[in-house]
Amino acid sequence: MSKYQQLRQRLIENSNPEIASQMESYLRNKFKFFGLKSPERRESYHDLIKLEKANKKIDWDFLDQAWADKHREAQYFVCDYLIALEKYLTFEDIDHIFNYVKSKQWWDTIDSLIKPIGKIGLRDDRVNDLMLAWSQDDDFWIRRVAIEHQLLRKDKMNIELLNTILENNLDSSEFFINKAIGWALRDYSKTNPDWVKDFISKHHAEMASLSIKEGSKYLS
């Protein structure tokens with residue numbers, strides 16, 4: 001039995017049609033679900049990821065098979081896998097992650113795929129220029145990755161990069177972009193509230209009210 005078949009069998013064994021229906025409705029019926037909540041889902045494939053960690057390399061064939069599955073939990077597995085094995089990822093692997101960013105797009109997977117990309121960025125400065133390019137992409141989901149990829153960096157934040165990426169997106173009317181701008185500012189306000197205050201003050205006239213509201217949440 002292949003690793004993908006093992007994964008699928010475990011997800012099927014723990015499926016719950018009632019929960020699946022709720023999850024499908026929550027994501028506007030864009031995806032099919034087996035019906036596993038996050039703790040049960042992660043527990044079902046915990047040992048599979050543990051074995052992959054022992055191998056110390058990314059099995060892209062396995063991940064591609066999982067990503068192609070029509071059930072959303074399989075894409076969540078890919079995200080959890082990449083987060084768990086992020087130290088084995090290199091800049092060159094972003095091309096493969098980009099394939100996941102570009103397909104089956106919605107906020108749930110997008111907001112998970114930012115994490116391994118962000119970790120690579122802490123190790124390889126080439127990610128900075130790539131994220132600048134992504135911040136001006138025609139696809140707003142790709143721009144969202146660029147906006148959010150530095151979340152939780154605290155004092156490791158590349159402030160100049162954050163500033164430019166945000167400025168590249170201030171003219172957007174897209175909800176998922178304006179929400180992301182707000183989240184990026186709100187997150188960094190915990191570390192550097194003065195910078196966030198100054199950014200909002202400087203760009204107040206250009207910013208969507210949603211971005212201002214989210215970004216100001218923790219500011220006094």
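This is a predicted model: local features need pLDDT of at least 70, side-chain atom pairs count only at pLDDT 80 or more; totals for chains, interfaces and linings use all residues.
I'll start with helix H11, residues 159-167, whose buried residues are Leu161, Leu162, Ile165 and Leu166. Looking down the axis of H11, these buried residues fall within an arc of 125 degrees, so they line one face of the helix.

Next, helix H10, residues 140-148, and arginine 144 within it. Is arginine 144 buried or exposed? Its relative accessibility is 1%, and the cut-off for buried is under 20%, so arginine 144 counts as buried. Setting aside neighbours within four places in sequence, arginine 144 is in contact with Trp107, Ile110, Asp111, Phe176, Ile177, Lys179, Ala180 and Trp183.

Now the domains. The domain assignment gives domain 1 as 1-88 and domain 2 as 118-219. Taken over C-alpha atoms, the centres of domain 1 and domain 2 are 29 Å apart.

On to the core. The largest nonpolar core has 66 residues, and the members that touch the most other members are Leu63, Phe77, Leu82, Ile97 and Leu185. Helix H12, residues 175-189, gives the most to this core, with seven residues. Why does the core lie between the two domains? Domain 1 and domain 2 both give residues to the core, so it lies between them. As a general point, nonpolar side chains in soluble globular proteins tend to be buried together.

Two leucines give some detail. Leaving out residues up to four places away in sequence, leucine 82 touches Ile58, Trp60, Leu63, Leu89, Ile97, Tyr100, Leu113 and Pro116. Leucine 113, from that list, lies in helix H8, residues 107-123. Leucine 113 is buried, with a relative accessible area of 0%. With residues up to four places away again left out, leucine 113 touches Trp67, Cys79, Leu82, Ile97, Tyr100 and Val101.

One last distance. Leucine 113 and serine 189 are 76 residues apart along the chain, and their C-alpha atoms are separated by 23 Å.

Technical notes: Residues are numbered from 1 along each chain as its sequence is written. Side-chain values use heavy atoms; hydrogens and water are left out. A nonpolar core is a set of buried Ala, Val, Leu, Ile, Met, Phe, Trp, Tyr and Cys residues joined through side-chain atoms within 4.5 Å. Buried means under 20% relative accessible area, exposed over 50%, partly exposed in between (1.4 Å probe, protein chains only). Helices (H or I, at least four residues) and strands (E, at least two) are DSSP runs, numbered from the N terminus. Domain bounds come from an automatic or database domain assignment. Contact means heavy atoms within 4.5 Å. The arc is that of the directions from the helix axis to the C-beta atoms.
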